[in-house]
Amino acid sequence: AADLATRLDEVAKEEFALSARRDSARLDLEMATRRLSDARDRRDRAADAGPASAEEVEAYRQARETRQAEVARLDERIEARTRERELWHRRFEVANEPPDARTLRTWAQETATALEQLERTAGLLRTEIDADGRSIASIEQRLASDPEPDVARWLREQARHVQGRIRATEAARRDLEGVADVARKLRDELGAETDTASWTERWESFRSNVERAWGYEITSIDDRPITVAKVVIGFLLLLLGVSGAKLASRVIGRRLLPRFGVTEGGGAAVQTIIFYLLVVTVFLLALRVVNVPLTAFTILGGAFAIGVGFGSQNLMNNFISGLILLVERPIRVGDLIQVGDLLGIVERIGARSTLIRKPSNVDIIVPNSTFLESNVINWTLSDDTYRTWVSVGVVYGSPLREVSKLLRKAVDEHGLVLKSPEPTLLFTEFGDDALLFEIHFWIRMRREMDRRRVESDIRFRIDGLFREAGIVIAFPQRDVHLDTTRPLQVRVAPAEGDEAEEA
């Protein structure tokens, strides 16, 4: 106790002296601020202010910064003395009358935090000292260049003020490191004490902390406390309820509804509605468990309703559109559809959007309202048969009947071309460069690539049959007729130095 009293008396004396120095430094700061202002006024009023005026202003600015640094450093040293006094008190209690294990662990955490802060502040102070050292080196380098006498005088003033700032910062750093040493000793002593705690004490402390955190009151509504335990239970109940709602609606939609003759589209719609009804029920039950009354939502009811009305307009539009798609089934999972420039297979119809996979295996998410507001081409709505065609042109003078037979043969030989309806051959036009034919035929198409593959095969076959029969597939040709009244003159371009020869 005597040692503690002696040390605390020393700390109190140091704190008193620092407080007196801080008061004096604040007065010096006010004076330095006025001097800086006067120096700037003199510089601004001078008609021919030279380098000496600028250096004078800089010297007074450095003086003010030094006074500001001194006040800040003295505040830090006074705060460090307050912290040191608390550290000495705790060291005394640990050495003589150790508190319970919980208090020791709390002190250990607080000491570790304080030590970290002290070390971080001391590191910042070392950085400031290094920066000021570089400033002095720069000033000395300028002095070495033999400037004008007035400029040199103010440069030396600047160096003197920066040196004073370094001394104030260095003193604060030493004080903080001294307090950090006391904190390290207390940390080691607390570590030794907490290591001796029994397992029973540790378990009791852990259980007590858990119970206190579990029963912590977050807030209250209508005098009903909302604790951490109720929030966790409500959240778990909501998660389990959503999973259960999804499972129950799936069982009802896939197993129960088909027994009553409900169609697949109607069953999907009922399944979706049941899911959302169950989710709302679980949500209300979770609010009940957490003790959140529904009347709590009436506080911001008007603003909330308006916000939801505007914000969820598109959401509700897509949701209702999804139900209509599930009931009417204008598109179904597996259909090949086209919406504008988008062509792909319907992979999934959700409550808000529909997933379409393009032939390039890229998934596109389309809002459900798009299918009710735009023209949609469903290539496989009624069935999967589709009529396509291949066009070809042959040169003039080709045997047209033979061309017709070969075109029909190329189509009839393909295994994916339907026999009924029969293919149709059309001689469509006498073109500029060719006689144009089209062969129309029917195929079954579930993917867009099915049509393109069949068309490619038939084109390959037509080219082969025409080559065997000697029939030429036309390409653009032009005949040029010259009508002149006298023979044309032909000139041969001369080489360099030769005259042109004329025929």
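Modeller: What follows starts at the core and then turns to the loops and helices elsewhere. The model is a predicted one, and the description should be read as such.

The largest nonpolar core has 21 residues, and those that touch the most other members are Leu407, Phe437, Phe441, Ile458 and Phe466. Two or more residues come from each of strand S8 (385–394), helix H11 (400–412), strand S10 (435–444) and helix H12 (448–469). In soluble globular proteins, nonpolar side chains tend to be buried together.

Phe441 can be followed in detail. Setting aside residues up to four places away in sequence, Phe441 touches Tyr386, Arg387, Thr388, Trp389 and Val390, and also Val411, Val417, Pro423, Val454 and Ile458. Another core, of 16 residues, lies apart from the largest one and includes Ala80, Val94, Trp107 and Leu186.

Two loops have backbone features to check. In the loop between H11 and strand S9 (424–430) sits Pro421, and the peptide bond joining Ser420 to Pro421 is cis, with omega about -5°. Asn361 counts as exposed because its relative accessibility is 56%, against a cut-off of over 50%.

Next come the helices. Helix H3 covers residues 101–144, 44 residues in total, and spans 64 Å from first C-alpha to last, close to the 64 Å expected at 1.5 Å a residue. After H3 comes Asp146, with a positive phi near 60°.

Glu15 belongs to helix H1. With a relative accessibility of 18%, Glu15 counts as buried, since the limit is under 20%. Beyond its neighbours within four places in sequence, Glu15 is in contact with Ile78, Arg81, Thr82 and Arg85.

Helix H1 (2–45) also gives two or more residues to the lining of the second largest pocket, as do helix H2 (51–96) and helix H4 (149–195). This pocket holds about 170 Å³ of space. Its lining is made up of Asp28, Met31, Ala32, Arg35, Ala59, Tyr60, Ala63, Arg67, Trp154, Glu157, Arg160 and His161. By class, the lining residues are six nonpolar, one polar and five charged.

Technical notes. Residues are numbered from 1 along each chain as its sequence is written. This is a predicted model: local features need pLDDT of at least 70, side-chain atom pairs count only at pLDDT 80 or more; totals for chains, interfaces and linings use all residues. Side-chain values use heavy atoms; hydrogens and water are left out. Helices (H or I, at least four residues) and strands (E, at least two) are DSSP runs, numbered from the N terminus. The expected span of a helix is 1.5 Å times one less than its number of residues. A nonpolar core is a set of buried Ala, Val, Leu, Ile, Met, Phe, Trp, Tyr and Cys residues joined through side-chain atoms within 4.5 Å. Buried means under 20% relative accessible area, exposed over 50%, partly exposed in between (1.4 Å probe, protein chains only). Contact means heavy atoms within 4.5 Å. On a 1 Å grid over the protein atoms alone, a cavity is a set of points where a 1.4 Å probe fits but cannot get out, and a pocket is an open set with protein on both sides within 12 Å along at least five of seven lines; lining residues have an atom within 4 Å of a point. Grid points are joined across faces, edges and corners, and a volume is the space filled by probe spheres set on the points. Ala, Val, Leu, Ile, Met, Phe, Trp, Tyr, Cys and Pro count as nonpolar, Asp, Glu, Lys and Arg as charged, and the others, Gly among them, as polar.
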